[in-house]
Amino acid sequence: MTTPTATTHPRPDLRTRIRSRLRWEIGIVLALSFGASGVYAIVNIVERLTREAALSAQTATINRPLAERPTFDLIYQLLGFAFGLAPVALVIFLLWSDRRPHLRRLGFGRPVNGGRLWWFRETGGGFLLAAAVGIPGIVFYVFAKTIGINTTVVPAALDAAWWTAPILILQALRAALGEELIVVAYLFDRLKRLGFGTLSIILSSALLRGSYHLYQGFGGFIGNVAMGLLFGWAYHRFGRVLPLVVAHWILDIVSFVGYPLAVALLPALFAAPAA
């Protein structure tokens with residue numbers, strides 16, 4: 001005699017469930033960070049292209065005042081820095097490892113058998129990367145602006161105050177940590193788990209980096225895609241994210257803090273042409 005059994009639906013394959021969860025996770029992380037920035041930047045470039053003024057006659061400001069009174073501007077800037085690191089904290093939480101180094105899946109922290117001077121080597125690598133990107137980047141910016149495919153980029157438009165330079169350095173750090181830990185380290189780990197090949201991962205990361213710089217113009221997009229390809233290759237080759245963070249931080253500090261000096265020395269380069 002057989003015992004009747006209830007009809008059951010087959011359980012979905014565990015691998016399929018994990019892949020679906022990873023896709024949702026990536027979507028949420030990017031929606032809270034640079035994916036959303038990319039969407040806004042795409043809308044922004046479309047809006048710019050539909051203006052009467054040519055793209056080369058427009059200005060894109062990165063760091064701007066957030067309040068008229070300096071004290072509240074400082075408070076808002078600090079709040080923006082702190083809450084801007086929330087997506088970074090999220091990916092650290094998601095990829096945290098119980099055993100040391102805790103951030104090994106992000107390529108961060110002391111590597112196994114790295115020696116005492118591991119941070120010195122990786123910081124030095126960051127300086128080399130900054131030089132490799134920064135010098136050609138300036139040349140390409142001038143070229144893109146000359147042929148009319150880029151706006152005049154104003155890295156900082158904050159009023160002069162005792163806290164201006166420290167705030168700009170913090171904002172540069174926020175950008176460096178956010179972009180390199182999320183757009184490179186996190187995305188590399190998750191896309192690899194989804195079965196993407198190395199070339200596809202590097203290209204996806206680079207295109208995402210370029211997308212959220214479209215507000216600067218097509219020159220900003222192309223330049224940052226090129227930077228993303230170099231950084232993606234370096235991360236794939238060495239598996240370390242600190243050199244990328246250091247390089248990005250240096251580039252943004254030079255750009256943000258050095259902008260007033262650059263305007264004083266090369267006013268024609270940074271002046272927006274009349275519409």
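Q: Which residue forms a salt bridge with Glu179, and how far apart are the closest N and O atoms?

A: Let's take the general idea to start with: side chains of opposite charge can pair when their charged atoms come close. In this predicted model, the partner of Glu179 is Arg209, with 3.4 Å between the closest N and O atoms. The two sit in distant parts of the chain, Glu179 in helix H6 and Arg209 in helix H7, 30 residues apart.

Q: Is Glu179 buried or exposed, and is Arg209 buried or exposed?

A: The cut-off to keep in mind is that buried means under 20% relative accessible area. Glu179 counts as buried because its relative accessibility is 6%. Arg209 has a relative accessible area of 0%, so Arg209 is buried too.

Q: With which other residue does Arg209 form a salt bridge?

A: Look at Glu180: its salt bridge with Arg209 has its closest N and O atoms 2.9 Å apart. Because Arg209 lies in H7 and Glu180 in H6, this pair ties together parts that are 29 residues apart in sequence. Glu180 has 0% relative accessibility and therefore counts as buried.

Q: How many salt bridges does a search of the whole structure find, and which residues are joined into one network?

A: The search finds seven salt bridges. One of them pairs Arg190 with Asp189, the closest N and O atoms being 2.9 Å apart, and both of these residues are buried. To find a network, follow the shared partners: here they join Glu25, Arg105, Asp189 and Arg190.

Q: Let's turn to the nonpolar side chains. How many residues does the largest nonpolar core have, and which have the most contacts inside it?

A: The idea is to look for buried nonpolar residues joined through their side chains. The largest such core here has 39 residues, and those with the most contacts inside it are Ile26, Ile182, Tyr186, Phe231, Tyr235, Val241 and Leu244. Among the elements giving two or more residues to this core are H1 (14-31), H5 (118-146), H8 (218-238) and H9 (242-265). The largest share, twelve residues, comes from H6. Apart from this core lies another, of eight residues, including Ala156, Leu158, Ala172 and Phe256.

Q: What does Val241 touch, leaving out residues up to four places away in sequence?

A: Val241 touches Leu106, Gly107, Phe108, Glu180, Leu181, Ala185 and Tyr235.

Q: How do I read a helix pair, and at what angle do the axes of H3 and H6 cross?

A: Compare the directions of the two axes; angles under 35 degrees count as roughly parallel. The axes of H3 (residues 70-84) and H6 come within 10 Å and cross at roughly 20 degrees, so H3 and H6 are roughly parallel to each other. Their crossing is left-handed. On the H3 side the contact is made by Leu74, Gln77, Leu78, Gly80, Phe81 and Gly84, and on the H6 side by Ile167, Leu170, Gln171 and Arg174.

Q: Now for the whole chain: how many helices and strands are there, and what percentage of the residues count as buried?

A: There are ten helices and two strands, in the sequence pattern α-α-β-α-α-α-β-α-α-α-α-α. Of the 275 residues, 41% count as buried. For contacts with a separation of 6 or more, residues 24 or more positions apart account for 76%.

Terms used. Residues are numbered from 1 along each chain as its sequence is written. This is a predicted model: local features need pLDDT of at least 70, side-chain atom pairs count only at pLDDT 80 or more; totals for chains, interfaces and linings use all residues. Side-chain values use heavy atoms; hydrogens and water are left out. A nonpolar core is a set of buried Ala, Val, Leu, Ile, Met, Phe, Trp, Tyr and Cys residues joined through side-chain atoms within 4.5 Å. Buried means under 20% relative accessible area, exposed over 50%, partly exposed in between (1.4 Å probe, protein chains only). Helices (H or I, at least four residues) and strands (E, at least two) are DSSP runs, numbered from the N terminus. Contact means heavy atoms within 4.5 Å. A salt bridge is a side-chain nitrogen of Lys or Arg within 4 Å of a carboxyl oxygen of Asp or Glu. Axes are lines fitted to C-alpha atoms, for helices over the stretch in contact, and angles run from 0 to 180 degrees between N-to-C directions. Angles under 35 degrees count as roughly parallel, over 145 as roughly antiparallel, 65 to 115 as roughly perpendicular and the rest as oblique. A crossing is left-handed if the near helix is turned anticlockwise from the far one by less than a right angle, and right-handed if clockwise.
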